[in-house]
Amino acid sequence: MYFPTEEERKNLIKGLLPKSRKLDVNEELRGWNWHKPPLEPIYEVKLALHEVAGYYCPTGRDLYLKRVQGIVVRPNKAMVIGGLLHGALAYLLTRAKREIYLKGIGGCEEALEALRDPKISVIGDFIRDIDKS
């Protein structure tokens with residue numbers, strides 16, 4: 001850990017901080033100009049949000065191999081579990097909306113009962129879909 005001297009602290013507080021607060025960031029370097037040089041992507045490949053946010057590989061090499069090189073790899077355990085959870089949640093939300101629209105506001109208890117009946121076959125469908133990829 002570094003502790004500045006009294007002189008360095010004074011220089012920081014009275015000199016550098018006020019100067020840095022007066023300087024504006026150049027508009028060309030702001031986040032919404034990422035598509036213009038010098039910040040444009042080096043590859044002509046667009047990434048989906050889930051690919052960047054998923055972060056299954058700490059180096060990002062999996063995305064490079066998949067999207068730039070075209071190499072498809074077998075999904076790892078985290079990807080399989082994520083796919084199952086995502087599919088189950090999507091199924092549950094769709095089914096819940098359907099039940100609410102069919103039964104109406106007054107029939108919310110009937111809708112809840114319908115949602116309590118699990119469809120085990122859906123999990124098998126998710127697993128088959130993952131095995132195909």
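In this predicted model, helix α4 covers residues 77-103 and holds 27 residues.

**Helix α4 and the residue after it**
- Four residues of α4 are buried, namely Gly87, Arg95, Ala96 and Glu99.
- Gly104 follows α4 and has a positive phi, near 80°.

**Overall fold**
- The secondary structure of the chain consists of 6 helices and 0 strands.
- Along the sequence, these elements give the pattern α-α-α-α-α-α.
- Of the contacts between residues at least 6 apart in sequence, 31% join residues at least 24 apart.

**Burial and surface of the chain**
- The chain has 133 residues, and 11% of them count as buried.
- Its accessible surface amounts to about 11900 Å², and carbon and sulfur atoms account for 62% of that area.

**A nonpolar surface patch**
- A nonpolar patch on the surface is formed by Leu12, Ile13, Leu16 and Leu17, which together have about 320 Å² of accessible area.
- One of these residues, Leu17, lies in helix α1, which comprises residues 6-22.
- Leu17 has a relative accessible area of 31% and is therefore partly exposed, since that class lies between buried, under 20%, and exposed, over 50%.

Technical notes
Residues are numbered from 1 along each chain as its sequence is written. This is a predicted model: local features need pLDDT of at least 70, side-chain atom pairs count only at pLDDT 80 or more; totals for chains, interfaces and linings use all residues. Side-chain values use heavy atoms; hydrogens and water are left out. Patches are made of residues with over 30% relative accessible area and no salt bridge: like charges are joined within 9 Å, nonpolar side chains (Val, Leu, Ile, Met, Phe, Trp, Tyr) within 5 Å. Accessible areas come from the Shrake-Rupley method with a 1.4 Å probe; for residues, only the protein chains shown count as cover. A salt bridge is a side-chain nitrogen of Lys or Arg within 4 Å of a carboxyl oxygen of Asp or Glu. Helices (H or I, at least four residues) and strands (E, at least two) are DSSP runs, numbered from the N terminus. Buried means under 20% relative accessible area, exposed over 50%, partly exposed in between (1.4 Å probe, protein chains only). The expected span of a helix is 1.5 Å times one less than its number of residues. Contact means heavy atoms within 4.5 Å.
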